[in-house]
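Biologist: Please show me how to read this model, one feature at a time. Start with a single residue.

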Amino acid sequence: ATSGRADLAWPMGATSITWPSPETAGAKPGSLDEVRDLFRGRLEGDEAFKHFAKDREIDMATFERLIKLMVPSMGHEETKALFMSMDTSNDGVIQAAEIFSDVTMAILLNRMSALVDHPLEGSYHCLPRPPFHDDPRQMEAIRVLKTVFDEVVAAHGRPHPVLPTVAPAAPTPPKETQGLFASMFGGVRRTLPQKAVRAPLRAEVLVPRPCGPKGAYLYGGCGAGKTVLLDLFFRSLPEGFTARRLHWHEFIRDAFRSMQGQPPGHNIFEAMAEMLSRQFRVLLLDELLVTHISEAILVKNLFRQMWGRGMTIITTSNYLPEELYARGFNRDQFVDFIPELAAQCPVIDMSSDKDYRKIDVEPSSGFFCAPLGPDTRVRMDEMFNQLVGREVEKDVMLPIPSEGREICVPVSGTDVRGARVARFSFPDLCVRTLGRADYSVLAEKFHTIFIDDVPRFRPDLGAEFRRFVSLTDIIYGKKVALYLSSEVPIQELFAEGLQGGELDVDELWAFRRCSSMLAEMQNAKYHHMVW
């Protein structure tokens, strides 16, 4: 099986899973070959799958029918995730070689052999080993998350509370520090002379009482398994359960877009929370990271309104709640929210000395090349040509939804599986003023991305570094295959920056997180981590 990705947008479809009792599970083979024989026999011998003998491929619906027959303990979202991990071309079909691969067979063997009494445990124990590893802190987190899981499932059928709206208060003159964020709330637009600007109407902020199940705050360092557990929680929810699973960059991007359409004088957070509460009951948010006062205000006010509507938030972070936005501008506007966050999302400490992203990594995998020079350029050209051949498109303009602009893709093509491949230089992506919206579109459109000429990072490359971190976060989350050429090997890429002595805690974590992700992305095992 090769990599795939779940393209998640602000409203995303509901999850589904059915958890049969262990007694209803099918045959329990003891080896990969036995599993392979069972599935091959069903596909080639059952009249319901007769087209497979001719086409040697199946679509999602057929794969789901097959899994229901063979592995009844797997639900819709787990089946979908497995299918997408094999459907690298994103064309809706998978071939025999992908179906019968060792990785796919290992996942199915684990699922068919597992005897557990909770869907979350079942999902965890059925992760393919390797590349995954059993970990006592992860098991303890699963134990706590089982309670959260049971409570949100029990609460899902209850009507969500409808809170009264609050009439706008009297106009308040704008402060000089409001800036762009104020305009997102229907506030000041500084395109007029100061004397001609009208004061915005500001709605009274009503803080409702939380009325839904508490969530969780998965805290720990890089590679501790936080994201894996978040994904397992999402995939294990029952059929018909409404949930969203978003990366922090997607959440912030889409939340700010939603703000811009709200009329002046309305409490934007109440309106957004009311809309979201009618779409889903649980938000699973990966990599909570507050770096700007606008993000701090968003998290504080939107989370409060979501909790007041019976919603549950489960998040992951490298920071403890009290460490969020630690030296941020106007942090006093955020600190009163921290005890509420800790109360509604109790911390599950997964901190560990192990970074599982760096375990079993083979530096000679060939996906990353260093140092820069003619030989590296030739090697990158060879790898790109091996994937897409000589038929390429140049300077394709890719629209950025809701932004009214485009991004130029210098070189792109299609591999033998039909998956899209793009090639950029580091300046194309990180010297130019691109951001989350641009990187998200690239991660959704392309299965594989090449990046040439990544420099060794130094303290004076602040803006470029932040963009590179955002890019890496997003393409890692979408499981985009990455080929990269750099000035020095990946393990040395951030060494000079870390020795600068002037890094704040956010920059330090950014270095660590990016280094950890790149260590895994240079290895072939990364392409299976979607599962």
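Modeller: Take Lys-479, found in the loop between α19 (462-477) and β13 (481-486). Helices (H or I, at least four residues) and strands (E, at least two) are DSSP runs, numbered from the N terminus. The model is predicted, so local features need pLDDT of at least 70 and side-chain atom pairs count only at pLDDT 80 or more, while totals for chains, interfaces and linings use all residues. Residues are numbered from 1 along each chain as its sequence is written, and side-chain values use heavy atoms, with hydrogens and water left out.

Biologist: What is phi of Lys-479 near?

Modeller: Most residues other than glycine have a negative phi, and most peptide bonds are trans. Lys-479 is not a glycine, yet its phi is positive, near 55 degrees.

Biologist: Does Lys-479 count as buried or exposed?

Modeller: Buried means under 20% relative accessible area, exposed means over 50%, and partly exposed lies in between (1.4 Å probe, protein chains only). Lys-479 has 9% relative accessibility, so it counts as buried.

Biologist: Where does a cis peptide bond occur?

Modeller: It joins Ala-370 and Pro-371, with omega about -5 degrees. Pro-371 belongs to the loop between β8 (368-369) and α16.

Biologist: How many salt bridges does a search of the whole structure find?

Modeller: Side chains of opposite charge can pair when their charged atoms come close. A salt bridge is a side-chain nitrogen of Lys or Arg within 4 Å of a carboxyl oxygen of Asp or Glu. The search finds 28 salt bridges.

Biologist: With which residue does Glu-44 form a salt bridge?

Modeller: The partner of Glu-44 is Arg-56, and their closest N and O atoms are 3.2 Å apart. Glu-44 lies in helix α1 (residues 32-45) and Arg-56 in the loop between α2 (50-55) and β1 (57-59), so the pair ties together parts twelve residues apart in sequence. Glu-44 is partly exposed, at 42% relative accessible area, and Arg-56 is partly exposed too, at 32%.

Biologist: How many residues apart in helix α16 are Arg-379 and Glu-382?

Modeller: An α-helix has 3.6 residues a turn, so residues three or four places apart point the same way. Arg-379 and Glu-382 are three residues apart in helix α16 (residues 374-388), so about one helical turn separates them. They form a salt bridge in which the closest N and O atoms are 3.8 Å apart.

Biologist: Which residues touch the most other members of the largest nonpolar core?

Modeller: A nonpolar core is a set of buried Ala, Val, Leu, Ile, Met, Phe, Trp, Tyr and Cys residues joined through side-chain atoms within 4.5 Å. The largest one here has 52 residues, and those touching the most other members are Leu-442, Phe-457, Phe-468, Leu-493, Phe-494, Leu-518 and Met-521. Helix α19 supplies the largest share of this core, seven residues. Apart from it lies another core, of 41 residues, including Ile-252 and Phe-256.

Biologist: Which residues does Leu-442 touch, not counting residues up to four places away in sequence?

Modeller: Contact means heavy atoms within 4.5 Å. Leu-442 touches Leu-398, Ile-407, Val-409, Phe-424, Leu-429 and Ile-449 on that count.

Biologist: Where does Phe-256 lie?

Modeller: Phe-256 lies in helix α11 (residues 248-259). Phe-256 and Glu-295 are 39 residues apart in sequence and 9.2 Å apart in space, C-alpha to C-alpha.

Biologist: Why is helix α12 largely enclosed by the rest of the structure?

Modeller: Helix α12 (residues 268-277) is largely enclosed because eight of its ten residues are buried. Among the buried ones are Phe-269, Glu-270 and Glu-274.

Biologist: Which backbone nitrogen does a side-chain oxygen of Asn-267 reach at the start of α12?

Modeller: A polar contact is a pair of N or O atoms within 3.5 Å; within protein, one must be able to donate a hydrogen and the other to accept it, and residues adjacent in sequence count only if both atoms are side-chain atoms. The oxygen of Asn-267 reaches to within 3.1 Å of the backbone nitrogen of Phe-269.
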